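Subject: A structure to look at

Hello,

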Amino acid sequence: MNTHAPLDEIESLAGCCSPVTAGVVTDEVAVTLAKMFKALGDPARVKLISLIAASPDGEACVCDLTGPVGLAQPTISHHMKQLVEAGLVSREQRGRWAYYRIQETGLTTLASALAHTS
(Lines give C-alpha, C1' and ligand atoms only; values in the text may rest on other atoms or scores of the structure.)
Protein backbone atom coordinates (compact mmCIF):
# COMPACT_ATOMS: atom_id res chain seq x y z
CA MET A 1 0.00 0.00 0.00
CA ASN A 2 1.39 3.34 -1.01
CA THR A 3 0.46 6.19 1.32
CA HIS A 4 0.94 9.90 0.71
CA ALA A 5 0.19 13.04 2.57
CA PRO A 6 -2.52 15.07 0.95
CA LEU A 7 -0.53 14.72 -2.27
CA ASP A 8 -3.26 16.28 -4.37
CA GLU A 9 -3.01 19.33 -2.12
CA ILE A 10 0.76 19.50 -2.62
CA GLU A 11 0.55 18.85 -6.36
CA SER A 12 -1.94 21.68 -6.68
CA LEU A 13 0.68 24.01 -5.19
CA ALA A 14 3.50 22.86 -7.45
CA GLY A 15 2.53 24.65 -10.61
CA CYS A 16 0.28 27.45 -9.48
CA CYS A 17 2.02 29.36 -6.78
CA SER A 18 4.49 32.16 -6.99
CA PRO A 19 7.28 32.26 -4.43
CA VAL A 20 6.33 33.52 -0.99
CA THR A 21 8.61 36.48 -1.68
CA ALA A 22 6.50 37.49 -4.70
CA GLY A 23 3.29 38.28 -2.84
CA VAL A 24 0.87 37.15 -0.20
CA VAL A 25 0.03 33.44 -0.20
CA THR A 26 -3.43 32.18 0.66
CA ASP A 27 -4.15 30.75 4.10
CA GLU A 28 -4.42 27.25 2.60
CA VAL A 29 -1.03 27.52 0.89
CA ALA A 30 0.55 28.92 4.05
CA VAL A 31 -0.75 25.99 6.13
CA THR A 32 0.50 23.41 3.63
CA LEU A 33 3.93 24.99 3.28
CA ALA A 34 4.28 25.40 7.04
CA LYS A 35 3.51 21.70 7.53
CA MET A 36 6.23 20.80 5.05
CA PHE A 37 8.80 23.14 6.56
CA LYS A 38 7.93 21.96 10.07
CA ALA A 39 8.64 18.38 9.02
CA LEU A 40 12.13 19.50 7.99
CA GLY A 41 12.65 21.37 11.27
CA ASP A 42 14.31 18.34 12.85
CA PRO A 43 17.92 17.48 11.91
CA ALA A 44 17.16 13.74 12.00
CA ARG A 45 14.44 14.19 9.38
CA VAL A 46 16.72 16.21 7.13
CA LYS A 47 19.30 13.43 7.40
CA LEU A 48 16.68 10.76 6.70
CA ILE A 49 15.63 12.55 3.51
CA SER A 50 19.25 12.82 2.41
CA LEU A 51 19.85 9.11 3.10
CA ILE A 52 16.83 8.11 1.02
CA ALA A 53 17.78 10.47 -1.81
CA ALA A 54 21.35 9.13 -1.82
CA SER A 55 20.34 5.46 -1.91
CA PRO A 56 21.25 3.73 -5.17
CA ASP A 57 17.68 2.79 -6.12
CA GLY A 58 16.04 5.92 -4.70
CA GLU A 59 14.36 4.14 -1.82
CA ALA A 60 15.29 2.94 1.63
CA CYS A 61 13.93 0.38 4.05
CA VAL A 62 13.30 1.63 7.56
CA CYS A 63 15.65 -1.16 8.68
CA ASP A 64 18.51 0.52 6.78
CA LEU A 65 17.93 3.96 8.29
CA THR A 66 18.46 3.21 11.98
CA GLY A 67 22.24 2.75 11.89
CA PRO A 68 23.22 5.88 9.96
CA VAL A 69 20.96 8.12 12.05
CA GLY A 70 21.72 6.41 15.36
CA LEU A 71 18.09 6.17 16.44
CA ALA A 72 15.90 3.20 17.31
CA GLN A 73 13.47 1.83 14.73
CA PRO A 74 10.34 3.18 16.50
CA THR A 75 11.87 6.67 16.55
CA ILE A 76 12.79 6.43 12.87
CA SER A 77 9.23 5.32 12.12
CA HIS A 78 7.87 8.34 13.99
CA HIS A 79 10.09 10.71 12.00
CA MET A 80 9.17 9.01 8.75
CA LYS A 81 5.47 9.34 9.56
CA GLN A 82 5.96 13.09 9.90
CA LEU A 83 7.71 13.24 6.53
CA VAL A 84 4.97 11.16 4.87
CA GLU A 85 2.21 13.35 6.34
CA ALA A 86 4.02 16.44 5.05
CA GLY A 87 4.15 14.96 1.54
CA LEU A 88 7.93 14.81 1.38
CA VAL A 89 8.25 11.01 1.19
CA SER A 90 5.97 8.13 0.28
CA ARG A 91 5.72 4.85 2.16
CA GLU A 92 5.18 1.35 0.82
CA GLN A 93 4.71 -1.65 3.09
CA ARG A 94 6.46 -4.81 1.88
CA GLY A 95 5.80 -7.65 4.25
CA ARG A 96 7.26 -6.68 7.59
CA TRP A 97 9.21 -3.64 6.42
CA ALA A 98 8.31 -0.17 5.26
CA TYR A 99 10.14 1.33 2.29
CA TYR A 100 10.35 5.05 1.64
CA ARG A 101 10.87 7.15 -1.50
CA ILE A 102 11.33 10.87 -1.93
CA GLN A 103 8.24 12.71 -3.22
CA GLU A 104 9.84 15.02 -5.75
CA THR A 105 6.68 17.13 -5.96
CA GLY A 106 6.95 18.01 -2.28
CA LEU A 107 10.58 19.07 -2.50
CA THR A 108 9.96 20.98 -5.73
CA THR A 109 7.08 22.81 -4.07
CA LEU A 110 9.31 23.88 -1.18
CA ALA A 111 12.07 25.01 -3.54
CA SER A 112 9.59 26.98 -5.64
CA ALA A 113 8.12 28.61 -2.55
CA LEU A 114 11.55 29.90 -1.61
CA ALA A 115 12.66 30.94 -5.09
CA HIS A 116 13.28 34.65 -5.31
CA THR A 117 12.24 36.41 -8.45
CA SER A 118 13.64 39.80 -9.31
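Two strands are taken to pair if DSSP finds at least two bridges between them. Helices (H or I, at least four residues) and strands (E, at least two) are DSSP runs, numbered from the N terminus. Residues are numbered from 1 along each chain as its sequence is written. This is a predicted model, where local features need pLDDT of at least 70 and side-chain atom pairs count only at pLDDT 80 or more, while totals for chains, interfaces and linings use all residues; side-chain values use heavy atoms, with hydrogens and water left out.

First, the overall layout. The protein chain has six helices and four strands, in the order β-α-α-α-β-α-α-β-β-α along the sequence. Of its 118 residues, 34% count as buried (buried is under 20% relative accessible area, exposed over 50%, partly exposed in between, with a 1.4 Å probe and protein chains only). Taking contact to mean heavy atoms within 4.5 Å, residues 24 or more positions apart account for 63% of the contacts with a separation of 6 or more.

Now the strands. E2 (59-61) pairs with E4 (97-102) in the antiparallel sense over three bridges, and Glu-59 has Arg-101 of E4 as its bridge partner. E3 (89-94) also runs antiparallel to E4, joined to it by six bridges; here Ser-90 stands opposite Arg-101. E3 and E4 make a hairpin with two residues between them, and Gly-95 in the turn has a positive phi of about 65°. The covered face of E4 carries Ala-98, Tyr-100 and Ile-102, and the uncovered face Trp-97, Tyr-99 and Arg-101.

Helix H4 (residues 62-69) is worth a look too: Val-62, Leu-65 and Val-69 are its buried residues. Seen down the helix axis, they fall within an arc of 50°, so they line one face of H4 (the arc is that of the directions from the helix axis to the C-beta atoms). Asp-64 and Gly-67 are exposed on the other side. The buried residues of H4 pack against helix H3 (43-54), E2, H5 and E4. Just after H4, Gly-70 takes a positive phi of about 75°.

Which residues is Val-62 in contact with, leaving aside its neighbours within four places in sequence? They are Gln-73, Ile-76, Ser-77, Trp-97, Ala-98 and Tyr-100. Val-62 has a relative accessible area of 3%, and its C-alpha is 6.8 Å from that of Trp-97, 35 residues away in sequence.

Helix H6 (residues 104-114) has Gly-106, Thr-109, Leu-110 and Ala-113 buried. These four cover an arc of only 95° around the axis, which puts them on the same side of H6. Glu-104 and Ala-111 are exposed on the other side.

Finally, the largest pocket holds about 170 Å³ of space. A pocket here is an open set of points on a 1 Å grid over the protein atoms alone where a 1.4 Å probe fits, with protein on both sides within 12 Å along at least five of seven lines; lining residues have an atom within 4 Å of a point. The volume is the space filled by probe spheres set on the points, which are joined across faces, edges and corners. Of the 13 lining residues, Ser-77, Lys-81, Arg-91, Ala-98 and Tyr-100 are the closest to the centre. H5 (73-85), E3 and E4 each supply at least two lining residues, with the largest share, five, coming from H5.

Best wishes
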